[in-house]
2 protein chains.
Amino acid sequence: MFREIDKHITRCAPVSGYELEILHGRLKSKTVKKKTLLLRQGEVCRFEAYIIKGCVKKYYIDQQGDQVILQFAVEDWWISDIGSFSEQKPSNLFIETLEDTELLVIDFENKEILFREVPRLERVFRIMVQRSYSVLESRFYAAITHTAESRYLDFVKRYPQIVQRVPQQQIASYLGITPESLSRIKKQLMARK
Amino acid sequence: MFREIDKHITRCAPVSGYELEILHGRLKSKTVKKKTLLLRQGEVCRFEAYIIKGCVKKYYIDQQGDQVILQFAVEDWWISDIGSFSEQKPSNLFIETLEDTELLVIDFENKEILFREVPRLERVFRIMVQRSYSVLESRFYAAITHTAESRYLDFVKRYPQIVQRVPQQQIASYLGITPESLSRIKKQLMARK
DNA sequence: CTCATTTCTTATCCTACATCAATTTTCCCC
DNA sequence: GGGGAAAATTGATGTAGGATAAGAAATGAG
């Protein structure tokens, strides 16, 4: 149960087996059905969740009422609204499962206690956020400078598992285009190759 | 000299006066002329810098050879390529001063030593990155869903000081549009109000 | 002050992607 | 396994912002 998350953690910074056990004690296992909302706009985000099995999306709802997907998360990823969670203030985001999903979650209070018990984990989580920041920055750049087609190709290469598991319209949303456009892009790619 | 940075730090998490002094000892003061490149594509980013006075931009150069500005930083901000710095791997970015600038910089080795001396700073830097992440996420969302006009208005409201100090073409680049488009947007706004 | 360089504006035309609408295909759920 | 809903495709048309070009204005170095 904890094997993957332990690997995930120690890939960021060294943590002893004992310290990992303390972490385990602060995590709660949670199983949720497909299409469950884990966070709603306006709520304070009460969790950071590590995905053992399943798939989750994080999204805004824009003025026209359409979903704008910021992130997919699958096995071995963390999902949360960092801004809302860390400042314990209302979120603008929704987080929702796309499949039946098994999570390890930690709430704000337990995370704070955990950091007091295992200060070394501050470092782990710092490094995790740094990496996320870096990824988001590249994605931001790509969104501004690359065409939709190139972003799609990049997405398929980077996350082939997700392409299989998630409806096209949601991938379109993630890429910042309409489902119709994505359909046309795929058609052109087929024709060309 | 350290007054502002100390405030900046303690706004993230409590740090004692003694601990701040240790931090000061690890920082190096640096003054650089306008148009100095602090980081070039391909180099490893060797610093995190706090801006005492001045203005800096961080940008990509895209396939067509154009600058794409990801971030401006002015007084009381930090600037670095987090990805390159924290993994000490080659950067894709440029960082360049837009004015004569006074910085407090720390390199990778000193930051690591500092964290060993003052573990509490891990927390400070974690919180700083979390906040940056959150800001970047909103900006990403805005880039995808809002029009250029609305992003410009938002920028002017949020960073009025920067609008005064930075050429329009660079603001256009930051907004992900061409200078011509920004000029047109401004014209329309004038006409309308 | 002045000449050169950079920055800004304006006009024309163009393109990537959006919007709207109508099918067709796929997916589930009873 | 069949019926209904959700998803994907396709076509026609619209539009925000890009590309190019050329001139005007502002800035700065000597």
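**Views of chain A and of Q71(B)**

The mean positions of the 31 positive and 25 negative charges of chain A lie 6 Å apart. The model shown is predicted.

**Fold of chain A.** Nine helices and eight strands make up the secondary structure of chain A. Of the contacts in chain A between residues at least 6 apart in sequence, 71% join residues at least 24 apart.

**Dimensions of chain A.** The C-alpha trace spans about 55 × 35 × 30 Å along its principal axes. The radius of gyration of chain A is 18 Å. A compact globule of 193 residues would have a value near 16 Å, so the two agree.

**Surface and interior of chain A.** Chain A has an accessible surface of about 9600 Å². Carbon and sulfur atoms account for 52% of that surface. Of the 193 residues in chain A, 52% are buried.

Q71(B) sits in strand β5 of chain B, which covers residues 67-73. The relative accessible area of Q71(B) is 15%. Buried means under 20%, so Q71(B) counts as buried.

**Close-up of the contacts of Q71(B).** Neighbours within four places in sequence are left aside here. From chain A, Y133(A) is in contact with Q71(B). From chain B, the contacts of Q71(B) include V56(B), K57(B) and K58(B). W77(B), W78(B) and I79(B) also touch Q71(B), as does Y174(B).

Definitions and conventions. Residues are numbered from 1 along each chain as its sequence is written. Chains are lettered from A and ligands numbered from 1 in the order in which they are written. This is a predicted model: local features need pLDDT of at least 70, side-chain atom pairs count only at pLDDT 80 or more; totals for chains, interfaces and linings use all residues. Side-chain values use heavy atoms; hydrogens and water are left out. Helices (H or I, at least four residues) and strands (E, at least two) are DSSP runs, numbered from the N terminus. The radius of gyration is taken over C-alpha atoms; the globule rule is 2.2 Å times the number of residues to the power 0.38. Buried means under 20% relative accessible area, exposed over 50%, partly exposed in between (1.4 Å probe, protein chains only). Contact means heavy atoms within 4.5 Å. Accessible areas come from the Shrake-Rupley method with a 1.4 Å probe; for residues, only the protein chains shown count as cover. Lys and Arg count as positive and Asp and Glu as negative; His and the chain ends are not counted. The place of a charge is taken as NZ of Lys, CZ of Arg, CG of Asp or CD of Glu.
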